[in-house]
Amino acid sequence: MSNPLDTDAGSELFSSYEAELKLVQADLNQKLDQISELSGEPRKSAIRLAERTLDEANELLGQMRIEKQNIPSATRSKVNQRFRNFESDIDGQKRKLKTLSDDRKALFGNRYSDNPDSDQQLEQRQQLLSGTERLDRSSQRLRDSQRIANETEGIGRDTLADLQLQRETIQHTRMNMLESEGYVDRSVKTLRGMARRMATNRIITIAIITILVLLIFAVIYSKFH
């Protein structure tokens, strides 16, 4: 089995995947041991459960393969060794499961014979093989459907996050527009006040000039009369 966890040699996420993978491997080993003791329908059910557990182990291994790229190169060599050990363990479990799955006599019980001595036995064998193939295809379609559902769920989460971000942006823009409108209103009022004061000052200036001109004419007139 793989070496114990070395938290100094890997990231927190890698260590989490590693611990989870060890649990899955232990579960898979237990299922493989149970298969050896079964036959017929119980054996087929146990094989399907083991296959799903093996798929889960492979998914965790894929996540670890991605995550180990983010680990500093100074400690990556230890992580790579642990990762190779996990790969080797899972390959061994995969081969063992394949060997157990290929044991047709244990899988089909007394109904199976390598050299069928009657048409009925041959027909039963063909039906069982056909049923197994259909079951494999159905399992694969189920796994594909689950993968698509997970991908769709991820896309939905991303879309909701984008919509929330856009909503916050729109609200922020609206607040800025309202604030800008307030500034514009105050600026218009200020300009109108300035215009009124300028008009008043202009009238006062004209009045003063008019008075001065009249006074000048009055002084000139008084001097000549």
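Analyst: The average pLDDT of the chain is 82, and 85% of the residues score at least 70. pLDDT is the predictor's confidence in each residue, from 0 to 100. This is a predicted model, so local features need pLDDT of at least 70 and side-chain atom pairs count only at pLDDT 80 or more, while totals for chains, interfaces and linings use all residues. Residues are numbered from 1 along each chain as its sequence is written, and side-chain values use heavy atoms, with hydrogens and water left out.

User: Over which residues does pLDDT stay under 50?

Analyst: Over residues 1-10. The model has 29 contacts beyond four places in sequence for them. Contact means heavy atoms within 4.5 Å. Where pLDDT is low, the predicted coordinates should not be read in detail.

User: How many helices and strands does the chain have?

Analyst: Five helices and zero strands. Along the sequence the pattern reads α-α-α-α-α. Helices (H or I, at least four residues) and strands (E, at least two) are DSSP runs, numbered from the N terminus.

User: What span should helix α1 have, and how far apart are its end C-alpha atoms?

Analyst: The expected span is 1.5 Å times one less than the number of residues. Helix α1 covers residues 12-36, which is 25 residues, so it should span 36 Å. Its end C-alpha atoms are 37 Å apart, which agrees. Now take α3, with 30 residues. It reaches 42 Å from first C-alpha to last, close to the 44 Å expected.

User: What does Leu32 touch?

Analyst: Leaving out residues up to four places away in sequence, Leu32 touches Gln93, Lys96, Leu97 and Leu100. Among the buried residues of α3 are Gln93, Leu97 and Leu100. Leu32 and Ala46 are 14 residues apart in sequence, with C-alpha atoms 8.2 Å apart.

User: What share of the chain is buried?

Analyst: Buried residues make up 23% of the 225 residues. As for contacts between residues at least 6 apart in sequence, 69% join residues at least 24 apart.

User: What makes a pocket, and which residues line the second largest pocket?

Analyst: On a 1 Å grid over the protein atoms alone, a pocket is an open set of points with protein on both sides within 12 Å along at least five of seven lines, and lining residues have an atom within 4 Å of a point. The lining of the second largest pocket includes Arg52, Asp55, Leu142 and Arg147. Elements giving two or more residues are α2 and α5 (119-224). The largest share, eight residues, comes from α5.

User: How many lining residues of that pocket are charged?

Analyst: Eight are charged, three polar and one nonpolar. Asp, Glu, Lys and Arg count as charged; Ala, Val, Leu, Ile, Met, Phe, Trp, Tyr, Cys and Pro as nonpolar; the others, Gly among them, as polar.

Notes. 1 Å grid on protein atoms, 1.4 Å probe; cavity = no way out; pocket = protein on both sides within 12 Å on 5 of 7 lines; lining within 4 Å. Buried < 20%, exposed > 50% of the residue type's maximum accessible area, 1.4 Å probe, protein only.
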